[in-house]
Amino acid sequence: MKKYLKNIWQFVKTSTWLKYAVVAVFAVVFIGFVDENSVWSHFRNKQTISELELEIEKYNQEHERNQARIRQLDKDPKAIEKIARERYFMKTDDEDIFVLSDDLEEETPEDDNETVE
């Protein structure tokens, strides 16, 4: 095996164009995949940037909705009352609040072996 590699090395040393080809292949592999500024990491960074831009857009839309809601609350005192009643279950002195739940409790029979006639 050592002799085989030595023969290949001698061939590469003596052939001028092959030296340049080996260096060029090494450079392409290094620049394309190994280096921290490689083409591969460039594509990964582009993907991350596009995901972050989508997230920024989502948060900007949420910010605009919240700003519109704040403006509405500043203008309309009835909106504040509505939020206080719906979210925090606040009430006036002369009213009662009943909270109804949509959650269904599953009835589990104690004995599954019994039959009902």
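Glutamate 95 lies in the segment after α4, where helices (H or I, at least four residues) and strands (E, at least two) are DSSP runs numbered from the N terminus. With a relative accessible area of 22%, glutamate 95 is partly exposed; buried denotes under 20% relative accessible area, exposed over 50%, and partly exposed the range in between (1.4 Å probe, protein chains only). Apart from residues up to four places away in sequence, glutamate 95 touches Arg85 and Met90, contact being defined as heavy atoms within 4.5 Å. The model is a predicted one, in which local features need pLDDT of at least 70 and side-chain atom pairs count only at pLDDT 80 or more, whereas totals for chains, interfaces and linings use all residues. Residues are numbered from 1 along each chain as its sequence is written, and side-chain values use heavy atoms, with hydrogens and water left out.

Two further residues of the segment after α4 were examined. Lysine 91 is found in this segment and, at 47% relative accessibility, counts as partly exposed. Between valine 99 and phenylalanine 89, ten residues apart in sequence, the C-alpha to C-alpha distance is 8.6 Å. Phenylalanine 89 itself follows α4 and has a positive phi, near 55°.

Helix α4 comprises twelve residues (77–88), which should span 16 Å at 1.5 Å a residue; the end C-alpha atoms are 16 Å apart, in agreement with this value. The expected span is taken as 1.5 Å times one less than the number of residues. The buried residues of α4 are Ala79, Ile83 and Ala84. They cover an arc of only 140° around the axis, which puts them on the same side of α4; the arc is that of the directions from the helix axis to the C-beta atoms. An α-helix has 3.6 residues a turn, so residues three or four places apart point the same way. The buried residues of α4 pack against α3 (39–75). On the face of α4 turned away from its buried side are the exposed residues Pro77, Lys78 and Glu86. The N-terminal end of α4 is capped by aspartate 76, a side-chain oxygen of which lies 3.2 Å from the backbone nitrogen of lysine 78.

Within helix α3, serine 41 was considered. Serine 41 counts as buried, at 6% relative accessibility. Leaving aside neighbours within four places in sequence, serine 41 is in contact with Asp35 and Glu36.

At the level of the whole protein chain, the secondary structure comes to four helices and zero strands, and the elements run α-α-α-α from the N terminus on. Of the 117 residues in the protein chain, 8% are buried.

Notes: Polar contact = N/O pair within 3.5 Å; in protein donor to acceptor, adjacent residues only side chain to side chain.
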